[in-house]
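Keep the sequence and the 3D view side by side as you read.

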Amino acid sequence: MAMNPFKERGIPLEKQIRNWKQIALLPYRKQQVDAYTRTRIILMNGIENEGWFFKHSFARNTDHKEIQARLAETRRVEHQQQVTINWLNPPDQTILETSIAYEQVAIDLTAYLARTEPDPYVKEVFDFGLLEDFDHLFRFAQMLDLIEGKDPDEILQGKTDVFPGRPTQDHHNDPILRLRKHYEKNQANPISKANILTLLSAEQQTALFYKSHGFQYGSPDLRELYAEISEVEEEHVTQYESLMDPKETWHEKWVCHEFVECANYYACYTTEVDPKLKQIWEMFLGYELEHLRIAGEMLKKYDKRDPEEIVGTTLPTPGTFEENKAYVADVLFNTVNKRLMPDGAFERIDALPSNWPSYAYQRIVNASGAPSEEVVRLRMESAGQELVRASEALAKRTAEIRLRSLDAEKAPNTAPERAEEVKPQYVARAA
Ligand SMILES: [Fe+2]
Ligand SMILES: [Fe+2]
Ligand SMILES: [Fe+2]
Ligand SMILES: [Fe+2]
């Protein structure tokens with residue numbers, strides 16, 4: 001049922017501060033947690049971190065004591081929420097296992113947002129990013145098998161395929177090419193605003209996680225893989241934030257942030273299968289409704305606008321996790337050979353100019369080979385085959401996808417060198 005967040009009563013701010021025991025809850029059991037409960041926890045941690053970052057930036061850019069006070073009060077709550085959510089992750093879940101889950105978030109979140117996105121250009125950008133995170137999952141899965149001897153389905157639970165996407169060695173672009181066209185703030189559908197800020201928060205969280213944890217492995221190949229993929233996540237942050245209208249005022253942005261927190265907690269609350277988690281999502285939704293009311297009051301007072309003008313009166317449900325295998329395969333078959341061009345445009349590989357700016361960038365970063373290719377090579381040497389988890393129909397198209405997806409300049413260690421050598425080891429799944 002649709003919810004109007006401006007008609008609902010939230011939890012008063014003075015009731016939102018919790019004690020240490022209430023903040024640091026016991027973690028879930030990784031053997032029992034539902035895969036999409038884990039992805040909701042990862043997403044909401046990213047949403048809370050973005051809320052916290054944003055409020056610090058705003059506070060550093062205003063001299064109004066009243067605004068600074070409202071930011072400080074609600075920001076303390078965002079901090080407590082973030083710690084509670086992130087610390088639900090159990091200490092025995094390894095960094096690689098968590099990375100598999102982060103890419104599952106990226107894939108199934110981006111696919112859901114693309115499917116529900118009303119703006120065709122925004123959808124095209126989402127589809128483009130989708131195939132990159134889809135490939136990251138494949139690369140991390142090779143190392144989860146090699147280093148920890150685990151199957152990615154222990155984390156994914158068969159809900160997300162493990163299969164090569166647009167090759168990670170080709171995700172490294174001239175920084176300017178990642179800049180896309182932004183929406184117009186007074187014309188954009190609130191669903192687009194919510195979708196973009198949600199995905200941006202998730203990608204930022206992923207970039208932070210990889211660059212904060214990749215060094216904790218001793219394997220040089222895995223360290224380089226984290227260095228490589230964390231930089232792609234930085235490209236994704238650049239890409240998605242460039243979709244937002246930079247003319248939005250600080251107050252408009254504040255309203256958008258609280259609205260997005262409400263929308264995602266609402267989606268989590270309505271889809272959660274774990275009763276303990278459901279209670280947390282409901283409580284935090286109550287917190288955010290009050291934050292939204294406060295941000296709306298500040299907008300009315302200082303910008304002389306109503307919050308409904310900015311975000312409408314219906315909560316969308318961006319943070320909805322469900323299977324998207326058919327959608328992802330469709331985007332893969334149709335757009336794996338797409339690349340970024342200046343001014344927010346796209347082009348197919350065959351039509352790229354020889355002086356395409358990203359060739360120059362890739363020549364530098366891939367000069368000693370791409371770690372994302374090396375990990376596939378290592379898995380093939382070790383087990384004879386690369387690790388794939390997909391339906392038989394999809395797995396049979398591995399070589400074809402590989403042929404169509406690599407651009408004119410390949411990393412020197414591209415594995416395998418010839419598409420005909422691809423012999424994926426797959427576990428048959430229902431299509
Ligand atoms: Fe929050
Ligand atoms: Fe990724
Ligand atoms: Fe990403
Ligand atoms: Fe909030």
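The paragraphs below go from overall form to local detail.

This is a predicted model. The chain has 16 helices and 4 strands. Its C-alpha atoms fill a box of roughly 65 × 45 × 40 Å along the principal axes. How does the radius of gyration compare with that of a compact globule? For 431 residues, a compact globule would come out near 22 Å; the chain has 22 Å, so the two agree. Of the 431 residues, 48% count as buried. Take the contacts between residues at least 6 apart in sequence: 85% of them join residues at least 24 apart.

Now go to the interior. Nonpolar side chains in soluble globular proteins tend to be buried together. Here the largest nonpolar core has 98 residues. Ile100, Leu130, Phe259 and Cys262 touch the most other members. Which helix gives the largest share of this core? It is α5, with 14 residues. The span of α5 is 120-148. Look at Leu130 next. Leaving out residues up to four places away in sequence, Leu130 touches Ile107, Thr110, Ala111, Ala114, Val328 and Val331.

Ser99 lies in helix α4, residues 95-116. Ser99 counts as buried because 26 other C-beta atoms lie within 10 Å. Leu13 is 86 residues from Ser99 along the chain, and their C-alpha atoms are separated by 35 Å. Ala263 lies in helix α9, residues 250-271. With 30 C-beta neighbours inside 10 Å, Ala263 is buried too. Neighbours within four places aside, Ala263 is in contact with Ala194, Leu315, Pro316, Thr317 and Pro318.

Next, trace helix α8, residues 220-241. It has 22 residues and reaches 32 Å from its first C-alpha to its last. That is close to the 32 Å expected at 1.5 Å a residue. Buried residues of α8 include Leu222, Leu225, Ile229, Val232 and Val237. What do the buried residues of α8 pack against? Their partners are α5, α7 (190-213) and α14 (371-383).

Helix α16 covers residues 398-405. Its buried residues are Ile401, Arg402 and Ser405. They cover an arc of only 100 degrees around the axis, so they sit on the same side of α16. An α-helix has 3.6 residues a turn, so residues three or four places apart point the same way. The buried residues of α16 pack against α12 (325-335).

Finish with two backbone details in loops. Gln157 has a phi near 55 degrees, a positive value in a residue other than glycine. Gln157 is found in the loop between α6 (153-156) and α7. Is Gln157 buried, partly exposed or exposed? It is partly exposed, because 14 other C-beta atoms lie within 10 Å. Lys304 is not a glycine, yet Lys304 has a positive phi of about 55 degrees. The loop between α10 (275-303) and α11 (307-311) holds Lys304. Lys304 has 8 C-beta neighbours inside 10 Å, so Lys304 counts as exposed.

Note on methods: Residues are numbered from 1 along each chain as its sequence is written. Chains are lettered from A and ligands numbered from 1 in the order in which they are written. This is a predicted model: local features need pLDDT of at least 70, side-chain atom pairs count only at pLDDT 80 or more; totals for chains, interfaces and linings use all residues. The expected span of a helix is 1.5 Å times one less than its number of residues. A residue is buried if 20 or more other C-beta atoms lie within 10 Å of its own, exposed if 12 or fewer, and partly exposed in between; C-beta atoms are placed from the backbone. Two residues are in contact if their C-beta atoms, placed from the backbone, lie within 7 Å. The radius of gyration is taken over C-alpha atoms; the globule rule is 2.2 Å times the number of residues to the power 0.38. The arc is that of the directions from the helix axis to the C-beta atoms. A nonpolar core is a set of buried Ala, Val, Leu, Ile, Met, Phe, Trp, Tyr and Cys residues joined through C-beta atoms within 7 Å.
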